[in-house]
Amino acid sequence: MERQDVQAGSEASIEALSSVLDSSASAEPTDDAQDRLLWIVDPIDGTTNFQAGLPMCAVSIGVVLVSKDKDVPSEVVVGVIYNPILNEITSAVKGKGSYLNGNRIHVTEGGNAEIELSDALINVGFPAVKDSTLQAASRAVGALATKVRGLRMIASASQVMCWVAQGKLSAYVSWDLNSWDVAAGMLIVEESCGHVTDFDGQRASISSRDLIVTCPEGMCIQEESPLARKILRVLSENDCLEY
């Protein structure tokens, strides 16, 4: 098993992920070719919170299946997020549902009901590393604040995605996220019948960096998230998508 430690930062994250996915996509198929498992680990997501003793931090482990068939997209097949302060383990296996401390996370069946934007509790990421992302997030806060039930700004993507999967938060939106921030959370949310959408309104992939995360709303069979669509419209109208 090859191990690769990755430096902090957007560029390092993009380069490390691309080096694995691109090498698999460009490799010529052979009779002995095999699928590969890519482990994406963040030992402390929410480092500043951890240093301050705040309970909004977690260990995040995502396992990505990189197919030997270059036409098959890579996808997360296992996700585990552990908050040692709250003693909570949120986990999911592809096609098997999501669990909190061993108990299935049950989705509220609400028919075709949709969450109204005015009823939504949304966590907004505040990526202060770059001035451009900080400005985009600031515009989003101003645009959403008077349209929703409430905004939160919890700086631990994996933990926030767990709370979205559990229905404690209606949605999460953030910019320029790294794969180690979201790999496990993407599967956990989707296995709770939630949606992880990019800023183009499409289902996000492991390489996506700008996300709108929602869960749950209405029936599990919905192909898209009405709430994500409403959030995306507000962000687009207020110049919050580009940075």
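**Exercise 1. A salt bridge and a network**

Classify Glu-224 by its relative accessible area: is it buried, partly exposed or exposed?

Solution. Glu-224 has a relative accessible area of 46%, so it is partly exposed. The classes are buried (under 20% relative accessible area), exposed (over 50%) and partly exposed in between, with a 1.4 Å probe and protein chains only. The model is predicted: local features need pLDDT of at least 70, side-chain atom pairs count only at pLDDT 80 or more, and totals for chains, interfaces and linings use all residues. Residues are numbered from 1 along each chain as its sequence is written, and side-chain values use heavy atoms, leaving out hydrogens and water.

Next, find the partner. Glu-224 forms a salt bridge (a side-chain nitrogen of Lys or Arg within 4 Å of a carboxyl oxygen of Asp or Glu) with Arg-229, at 2.5 Å between the closest N and O atoms. Arg-229 is partly exposed too, because its relative accessibility is 36%. Elsewhere, shared partners join Lys-130, Asp-176 and Arg-209 into one salt-bridge network.

**Exercise 2. Links across the sequence**

Solution. Asp-176 sits in the loop between strand 9 (171-174) and helix 5 (179-191), and Lys-130 in the loop between strand 7 (121-124) and helix 3 (131-144), so the pair ties together parts 46 residues apart in sequence. Helices (H or I, at least four residues) and strands (E, at least two) are DSSP runs, numbered from the N terminus. Asp-176 counts as buried because its relative accessibility is 13%. Lys-130 is partly exposed, at 29%.

Another joins Glu-190 and Arg-203, with the closest N and O atoms 2.9 Å apart. Glu-190 is in helix 5, and Arg-203 in the loop between strand 10 (195-198) and strand 11 (211-214), 13 residues apart. Arg-203 counts as exposed, at 56% relative accessibility.

**Exercise 3. A charge without a bridge**

Which side chain of opposite charge is nearest to Glu-88?

Solution. Start with its place: Glu-88 belongs to strand 4 (residues 88-93). Glu-88 is buried yet has no salt bridge. The nearest side chain of opposite charge is Lys-168, 4.4 Å away. (Lys and Arg count as positive, Asp and Glu as negative; His and the chain ends are not counted.) Now list the contacts (heavy atoms within 4.5 Å). Leaving aside residues up to four places away in sequence, Glu-88 touches Ile-81, Tyr-82, Asn-83, Leu-100, Asn-101, Trp-163 and Lys-168.
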